[in-house]
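Thanks for coming, everyone. Please bring up the sequence and the structure, and we will walk through them together.

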Amino acid sequence: MNIKYLTVGLILVFFITLKPVIGQGISASNNAISNELTYIHTDRDVYIAGETMFFKLYVLNSLSQKLSDKSKIAYLLLRNETASSILKVRLKVKNGIAYGSIFLPDTLSTGSYEIVSYTNWMKNFGEKTFFKKEIIIANRFDKELNLHTNKNLATEPKTTNITKPVDIPLITDKQTYRQREKVSVNLGNSITGKMQHASLSVSVYEETPIISNDYTFSNYLFLSKQINTDNQKPISHAYFPETKGEILQGKVIDSNTKKTVADACVILSSPDTIVNLQYAYTNNKGIFQFQLNDYYNGKELIFSIKDAPKTKTWKIEIEDEFNLKTLFKAERFTENPELKNYILKSQDIVYINKTYPFKIVEELTKPLITNYICPKVYNKPIQSVYPVDFVSLPDFTEIAREILPTVKVRKHNNTYVADIIDTENHMFFNKNPGLFLDGVLIDDINQIIMFGTDKINKIDVLSTERIYGDLKFPGIIAVFSKSMEIKNINPNQTSIRVMNDTYHPYSLLNLNENKYSKPSLSPDFRQLLYWNPNFEINSTQDPSFEFFTSDHVGNYIIKVEGITPEGISISSSAKIQVLNHVNLSQR
Amino acid sequence: MKIVMFLMLLLTGNSILYSQKSFSDQLILDSIFEPKLTGEAFIAKVGMIGRQFFNDEWAESDIKLTTGEKVSNKLLKYNGYLDEVVWLMPEFFKQVKLDKFAIDEFVFKNYFGKSIRFKRINIKQMFISDSTDIFAEVAIESNLSLYIFRKIRIEGTVTKDSKGANYSFDQLESAPVYYLKLRNNNFSTLQRLNRRALLHLFPEQKTAIRKLLRQNFQRLKTESDLVEVVNLLNKSIFH
């Protein structure tokens, strides 16, 4: 009897546990192919060239719409209809969030621009899944202001009337303020009651005519959910999520046949005082990939093909991570006299602000470099020689003869070859050793044969058969020059050089409150009164913030965007008015 | 009863299925961009009698590099005579002596049914003026830690006759050295496996330790006795 009950019980438990496991299995497998989505909250929608655009970038899982912990790198670019990319930014993403600022060069022409953001993983799902936002940038000296916009469109077509943003009350202490007066904003008790934690970005800027405030995070997520099913089908599997660092991808192509080359060994080194190397083999489509940690941040990358046949014309092509296939077509903004007047006024304000400059951007010193690992080929050399310790020698042949006892350099068929004595077997390897100049693998000693002691700082020799992964070097000679001679040498006939840009720094709007709390001789006509991309809500902290109005009167929008750990988006806005003393007393 | 057993088996299967899926993505990525091992070609020394290696068979192992990166499922042997880790490159059947300074730890995942962890520690050896880095087996890691240096040394030479000629061979013997590490990160060498040697290392706690060992009837004659003693000391004195 007991066994019968136990059996029935176990059957029940089995089916109860089976359902969530199957559910989790599907969700887990979906998670493996689920897309990400990005959203950018900018401080404003209209800028004058020469101003700084502040932004906060959110990376979310497109299914759960929670902050994504998958991608650690995001890409942001600014383009217009004529240029594929005007500004390119690589951002380090921490727990699905990144923020910073971009200086908009004075030379930008007036017109509609598009901000595009994405992650490497999102490339698998096509460019239609990338976040795109249209903004206006006007040149400071352009009074004609031909915005080149689609004149047939009456209003913003994409987001209006899709859904109302999540209603979170923004309670200001007043509705109307004087110039240079303190404004206190509270996010209301309801938000803290409902949410334990949320990551928000807050912007207070002068209201722009005809531009609706419906372009919000909540609307974007709502829209994303509608087209979610289409965007969950990857159209490619070529891109990995950048979970530990940037993944750089390229192809090896035979220049003559234009066909891709499989199983080619591509080597990556960076000029340094440490011998460093990474390698990858091309797949059947000729594609290779490297995961770059912070060691490569801001460094020159040198790619070469190891043992490329001399008779072939193989070449390396590195994929530009900012290259988009689809073009930008402006359609958000319309020609409007009110907008034109607003821009003309903003041009004058920027002119005044440039005359009385103060530090707008505060760069954060938070270290972005957290994963600095140099891929060393060896840890300790068997022999390190500093030629300066010896008598001056004219070339490398003499140096090898006089001060490198295990190295032999000889002339063979009018070219020089190097050989190393294997200290284990006490005989020459009779193969070319691994030869490095300034940390980079080069394939011919003839390139450094004229280097005398005046050019060389240090020589490391390893006179045993060295193994690096599955590469074998019959000994290693590493030459470190005094003035980075690798810059003047082509390491290999297939070598190409790529500059790896540094990660964009995190930055904030400089809010020096004391400057605005009391009258100052210098004018203050800021149209952006407050920007905080790092506004956190938690159960203990009062969700409020303060800022000061400027000398510029007008209507200002307080816009709050953000997300909770549960994936609930927050979009809210409120309006305040700044009047001068005369207007205020008349009221 | 058979049905009960079958259902219990299915239930176990469910939980395994659940736990395995979530890590698969990262594992694939880690294996594609796995850090490279560095070292030099290795040929084992001949003309010796006895075991040079701690493990005679290649053991599937994980390695933690000094960079913090991890390398998984490599075939390793620990050479106690040279105090070096040797890696078998399966593609070329080549043996590689790995760079000691690139390795922090390595774990034999299944050494006679248990996992054994070796860690690179910096100690001052007898008769050597400078401190050196050695690989030592981690027996206990707590307030009082026990590391065992699986040293193999030449105990003498043996002459053997082969086809009328005499050949001299080095006789290898296992000579483990026991290191105790206190909270202040200082290593002390336990010269012999006996109570007196242990009490000599802890003059301040001498009485307490003697009392504790007596109360627990704890002997200190073998390696397993030492492990029990260190566990006992962690529970009662160094907690």
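Some ground rules. The model is predicted, so local features need pLDDT of at least 70 and side-chain atom pairs count only at pLDDT 80 or more, while totals for chains, interfaces and linings use all residues. Residues are numbered from 1 along each chain as its sequence is written, and chains are lettered from A and ligands numbered from 1 in the order in which they are written.

Back to Thr313(A). Look in the loop between β17 (300–305) and β18 (314–318) of chain A. Helices (H or I, at least four residues) and strands (E, at least two) are DSSP runs, numbered from the N terminus. Leaving out residues up to four places away in sequence, Thr313(A) touches Asp254(A), Ser255(A) and Asn256(A). Contact here means C-beta atoms, placed from the backbone, within 7 Å. Now take Thr257(A). Thr257(A) and Thr313(A) are 56 residues apart along the chain, yet their C-alpha atoms are separated by 9.2 Å.

Next, a sheet in chain A. Three strands form an open sheet in the order β16-β13-β18, with antiparallel pairing. Pairing requires at least two DSSP bridges between two strands. Which strands stand at the edges? They are β16 (287–292) and β18 of chain A; each has a single partner strand, so one side of each is left without a neighbour in the sheet. From one strand to the next, the twist averages 30°. That angle is taken between N-to-C directions, from 0 to 180 degrees, with axes as lines fitted to C-alpha atoms, for helices over the stretch in contact. Strand β13 (residues 246–254) of chain A is joined to β16(A) by 6 bridges, and the two run antiparallel. One pair to find: Leu248(A) has Phe290(A) in β16(A) as its bridge partner.

Now β4 (residues 73–79) of chain A. How many of its 7 residues are buried? The count is 7, and the strand is mostly covered. In a regular strand the side chains alternate between the two faces of the sheet. In β4(A), Ile73(A), Tyr75(A), Leu77(A) and Arg79(A) point one way. Ala74(A), Leu76(A) and Leu78(A) point the other way. Strand β4(A) has antiparallel partners. Strand β5 (residues 87–92) of chain A joins β4(A) through 6 bridges, antiparallel. There, Ala74(A) stands opposite Leu91(A). Strand β7 (residues 111–118) of chain A pairs with β4(A) over 5 bridges, also in the antiparallel sense. In that pairing, Leu78(A) stands opposite Ile115(A).

One helix in chain A: α3 (residues 217–226). Its buried residues are Phe217(A), Ser218(A), Asn219(A), Tyr220(A) and Leu221(A). What do they pack against? The answer is β1 (36–42), β32 (554–563) and β33 (569–578) of chain A.

Over to chain B. It has 5 helices and 14 strands. Of its 239 residues, 22% are buried. Among contacts in chain B with a separation of 6 or more, 50% come from residues 24 or more positions apart.

Chain B is divided into domain 1 (31–190) and domain 2 (193–239), with bounds from an automatic or database domain assignment. Taken over C-alpha atoms, the centres of the two domains are 28 Å apart. Where they meet, 10 residues of domain 1 contact 11 residues of domain 2. On the domain 1 side, the elements giving two or more residues are β9 (131–140), β13 (177–181) and β14 (187–190) of chain B. By class, that side has 7 nonpolar, 3 polar and no charged residues. Nonpolar covers Ala, Val, Leu, Ile, Met, Phe, Trp, Tyr, Cys and Pro; charged covers Asp, Glu, Lys and Arg; the others, Gly among them, count as polar.

Chain B also has an open sheet of 3 strands, ordered β2-β12-β11, with mixed pairing. Its edge strands are β2 (48–49) and β11 (152–162) of chain B. Strand β12 (residues 165–174) of chain B runs parallel to β2(B), joined by 2 bridges. Met48(B) is the bridge partner of Asp170(B) in β12(B).

Last stop: Glu57(B), in the loop between β2 and β3 (59–65) of chain B. Why does Glu57(B) count as exposed? Because Glu57(B) has 9 C-beta neighbours inside 10 Å.

Terms used. Two residues are in contact if their C-beta atoms, placed from the backbone, lie within 7 Å. A residue is buried if 20 or more other C-beta atoms lie within 10 Å of its own, exposed if 12 or fewer, and partly exposed in between; C-beta atoms are placed from the backbone.
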